Amino acid sequence: MGRAIRFFFAISAYFFFFASFLYLICFMQDLLVPRSINVGPKASIFIAVLINLCLVALFGVQHSVMARPSFKAALTRFWPEAIERSLYVAMSALALCVLFRFWCPMPVLIWTVETEWLRNLLLCLAGLGWVIVLISTFLINHFELFGLQQVWADLRLRETPQSIFREPLFYKLVRHPIYTGFLLAFWSTPDMSQGHLLFSVGMTAYIFIGIRYEERDLKTNLGEVYVEYTRRVGMVVPGVGRAD
């Protein structure tokens, strides 16, 4: 696979993921898209729960397994290292698209907030969550996170710069602000349907399972500097989840 092809693949994967991220926002907010968390083909409650749990599990397994160092090491035996991250990004976007396509709405409401100011507050918190997710990717290294820095270095026949540990802005408050943003976005809704609740519970479970493995890898890669960081800074809520 030539460098130009690798570069084209990485760019395509990036925009594929970015489009799926925008669709996820609309999917969760029931905005502008033909199929969303509460809109789509109907199914019995049993079938809907079964299918939806499988879809959340599929995303969680893909997202977590492909991020593990052992999987990366095995993958790069036959896949170019320069676009290993881009493949992860593309497969994450594909997993989201599968979820969008096959999600079975469960529109019965668990709660609804009728007070206008409180509805608006919850919608603003959801919007804030999405903004935190996006900003947090740039606070570390957006282009490395999505595989563009690696493929740009590959195109120029240069080594990819080594990542360094930093604590910019949100990272001074919580160790995983991207997950904080997602949790805000998933749970801040004035109209919580059965399907929305199932999605939020499933994704929350995945987030905390994923954090466990992610932090293990970070401690291995970064050593004592990250261990000390976990003692000072909360996990996804400021001051909560600090290591002993």
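Which residues form one aromatic cluster? Select F21, Y23, F27, F100, W103, W130, F182, F186 and F199. The model is a predicted one.

Next, show the rings. A pair of aromatic rings is described by the distance of the centres and the angle of the planes. The count of aromatic pairs comes to 21. One of the cluster's members, W130, pairs with F182: the ring centres are 6.0 Å apart and the planes stand at 90°, so the arrangement is edge-to-face. W130 belongs to helix 5 (residues 116-140) and F182 to helix 8, so this pair ties together parts 52 residues apart in sequence. W130 has a relative accessible area of 6% and is buried; F182, at 17% relative accessibility, also counts as buried.

Move to F186 and F199. Their ring centres lie 5.2 Å apart with the planes at 90°, so this pair is edge-to-face. F186 is in helix 8 and F199 in helix 9, 13 residues apart. Both residues are buried.

Now select helix 8 (residues 177-187) and helix 9 (residues 194-222), whose axes are 10 Å apart and meet at an angle of about 170°. Angles over 145 degrees count as roughly antiparallel, which is why helix 8 is described that way relative to helix 9. On helix 8 the contact uses Y179, F182, L183, F186 and W187; on helix 9 the residues include H196, F199, M203, I207 and E214. By class, the contact has 13 nonpolar, 3 polar and 1 charged residues.

Finish with two arginines. The charged end of R101 sits over the ring of F102, 5.1 Å from its centre. R212 lies over the face of Y213, 5.8 Å from the ring centre.

Conventions. Residues are numbered from 1 along each chain as its sequence is written. This is a predicted model: local features need pLDDT of at least 70, side-chain atom pairs count only at pLDDT 80 or more; totals for chains, interfaces and linings use all residues. Side-chain values use heavy atoms; hydrogens and water are left out. Axes are lines fitted to C-alpha atoms, for helices over the stretch in contact, and angles run from 0 to 180 degrees between N-to-C directions. Helices (H or I, at least four residues) and strands (E, at least two) are DSSP runs, numbered from the N terminus. Angles under 35 degrees count as roughly parallel, over 145 as roughly antiparallel, 65 to 115 as roughly perpendicular and the rest as oblique. Contact means heavy atoms within 4.5 Å. Ala, Val, Leu, Ile, Met, Phe, Trp, Tyr, Cys and Pro count as nonpolar, Asp, Glu, Lys and Arg as charged, and the others, Gly among them, as polar. Rings of Phe, Tyr and Trp (its six-membered ring) pair if their centres lie within 6.5 Å; planes under 30 degrees apart count as stacked, over 60 as edge-to-face and the rest as tilted. Buried means under 20% relative accessible area, exposed over 50%, partly exposed in between (1.4 Å probe, protein chains only). A charge sits over a ring if NZ of Lys or CZ of Arg is within 6 Å of the ring centre and within 35 degrees of the ring normal.
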